[in-house]
Amino acid sequence: MERTVRILEQSALATRNYTDKKTGENKVIHTISLKMQDGYDTFLGEITGERAVNCPAYDKNRLYKVQCSMVVRNWTSQSSGEEMQATTIYVDKISVL
């Protein structure tokens, strides 16, 4: 998806460890979250990896064009055992308008 947005909030760089489910290898992921508004909707997107490490502080007074991809993953609630779904929006490209 591609949208023209204003960035409302930008998180600090977060780093966390995880285990790769395919290989069992311990890895590290870096993320920054952006709260964005396109004039109609407000949504949260993530920048990951080296792009997050090198991410500049975005100006809240400017408009940006973002290209995003959405990933839906299934997971099981530890408390209820219920199957759940979560949608994550990843920011693939961002540029100033």
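This briefing describes the fold, strand pairing, core and selected residues of one protein.

The model is predicted, so local features need pLDDT of at least 70 and side-chain atom pairs count only at pLDDT 80 or more, while totals for chains, interfaces and linings use all residues. Residues are numbered from 1 along each chain as its sequence is written, and side-chain values use heavy atoms, with hydrogens and water left out. The protein has one helix and six strands. Helices (H or I, at least four residues) and strands (E, at least two) are DSSP runs, numbered from the N terminus.

**Overall layout**

- Along the sequence, the elements follow the pattern β-β-β-β-α-β-β.
- The C-alpha trace spans about 45 × 30 × 20 Å along its principal axes.
- The protein has 97 residues, and 23% of them are buried. Buried means under 20% relative accessible area, exposed means over 50%, and partly exposed lies in between (1.4 Å probe, protein chains only).
- Contact means heavy atoms within 4.5 Å. Take the contacts between residues at least 6 apart in sequence: 51% of them join residues at least 24 apart.

**Surface and charge**

- The accessible surface comes to about 7,000 Å², and carbon and sulfur atoms hold 47% of it. Areas come from the Shrake-Rupley method with a 1.4 Å probe; for residues, only the protein chains shown count as cover.
- There are 13 positive and 12 negative side chains. Lys and Arg count as positive and Asp and Glu as negative; His and the chain ends are not counted.
- The centres of the two charge sets lie 4 Å apart. Each charge is placed at NZ of Lys, CZ of Arg, CG of Asp or CD of Glu.

**Strand pairing**

- Two strands pair if DSSP finds at least two bridges between them.
- Strand E5 (residues 63–76) and strand E6 (residues 83–96) pair in the antiparallel sense over 13 bridges.
- Ser-69 has Tyr-90 in E6 as its bridge partner. Cys-68 has Val-91 in E6.
- The E5 and E6 hairpin has six residues between the strands. In this hairpin, Gly-81 takes a positive phi near 75°.
- E1 and E5 also pair in the antiparallel sense, over five bridges.

**Nonpolar core**

- In soluble globular proteins, nonpolar side chains tend to be buried together.
- A nonpolar core is a set of buried Ala, Val, Leu, Ile, Met, Phe, Trp, Tyr and Cys residues joined through side-chain atoms within 4.5 Å.
- The largest such core has 15 residues. Val-5, Ile-7, Leu-34, Met-36, Ile-47, Tyr-58 and Val-91 touch the most other members.
- Strands E1 (2–10), E3 (26–37), E4 (42–48), E5 and E6 each give two or more residues to this core.
- Not counting residues up to four places away in sequence, Met-36 touches residues including Val-5, Ile-7, Phe-43, Val-66 and Val-91.

- Arg-6 lies in strand E1 and stands opposite Leu-63 in E5.
- Arg-6 counts as partly exposed because its relative accessibility is 32%.
- Leaving out residues up to four places away in sequence, Arg-6 touches Lys-35, Met-36, Gln-37, Lys-60, Asn-61, Arg-62 and Leu-63.
- The C-alpha atoms of Arg-6 and Thr-42 are 9.5 Å apart, with the residues 36 apart along the chain.
- Ala-12 sits in the loop between E1 and strand E2 (14–19).
- Ala-12 counts as exposed because its relative accessibility is 63%.
- Ala-12 touches Thr-31 and Ile-32, again not counting residues up to four places away in sequence.
- The C-alpha atoms of Ala-12 and Gln-37 are separated by 19 Å; these residues are 25 apart along the chain.
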